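Please open the model in your viewer and keep the selection tool at hand.

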Amino acid sequence: MSLFQQYPLQHYLLVGAVPASKADFLAMLRYVSRFTPVVGTDEAEACRAVHVTILGGLSAIPAAVEQTLRTGGVQVQRIATDYAATLNRLIAEGKPYLNT
C-alpha cells in the first residue's frame, strides 16, 4: 500500500469546539484559507490524514481520540485554548504545525 493510499489527506482540522469569540473564528478562517486543511468533525476521516490539528480541549475531543490518531501513525497537534493567538502566530510564521 502506498503512503497516499494509507494517508490520502495531508492535513485535517478536527474541530471539536466552536470558536468562542469573533477573533477566534476569524483566525480559524484565515488558518484554513492559508493552509487549506480538510475541516470537519469526523474522527474516522481524521485517521486518514498525515497531520491532524485538533481544535478544542479534552472536553471537546477526548484524549482517547488523540491517542487513537497517534497510534495510527498520525502526527497530532492540539490547540486547546486561545485559538486566535496560536493560529495567528502559525499564519505569521507560515507554518501549519506547532512543532515544525
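A residue is called buried when its relative accessible area is under 20%, exposed when it is over 50%, and partly exposed in between, with a 1.4 Å probe and protein chains only as cover. The model is predicted, so local features need pLDDT of at least 70 and side-chain atom pairs count only at pLDDT 80 or more, while totals for chains, interfaces and linings use all residues. Residues are numbered from 1 along each chain as its sequence is written, and side-chain values use heavy atoms, leaving out hydrogens and water.

**First selection: Asp24.** Asp24 lies in helix α2. Helices (H or I, at least four residues) and strands (E, at least two) are DSSP runs, numbered from the N terminus. Is Asp24 buried or exposed? Asp24 is buried, because its relative accessible area is 12%. Contact here means heavy atoms within 4.5 Å. Leaving aside neighbours within four places in sequence, Asp24 is in contact with Pro19, Asp82, Tyr83 and Ala84. Please also select Thr81: Asp24 and Thr81 are 57 residues apart in sequence, and their C-alpha atoms are 9.5 Å apart in space.

An α-helix has 3.6 residues a turn, so residues three or four places apart point the same way. Just after α2, Thr36 takes a positive phi of about 50°.

What covers the buried residues of α2?

Which residues of α5 are buried? They are Tyr83, Ala84, Thr86, Leu87 and Leu90, and the buried residues of α5 pack against α2, β3 and β4. After α5 comes Gly94, whose phi is positive, near 70°.

Leu26 counts as partly exposed because its relative accessible area is 34%.
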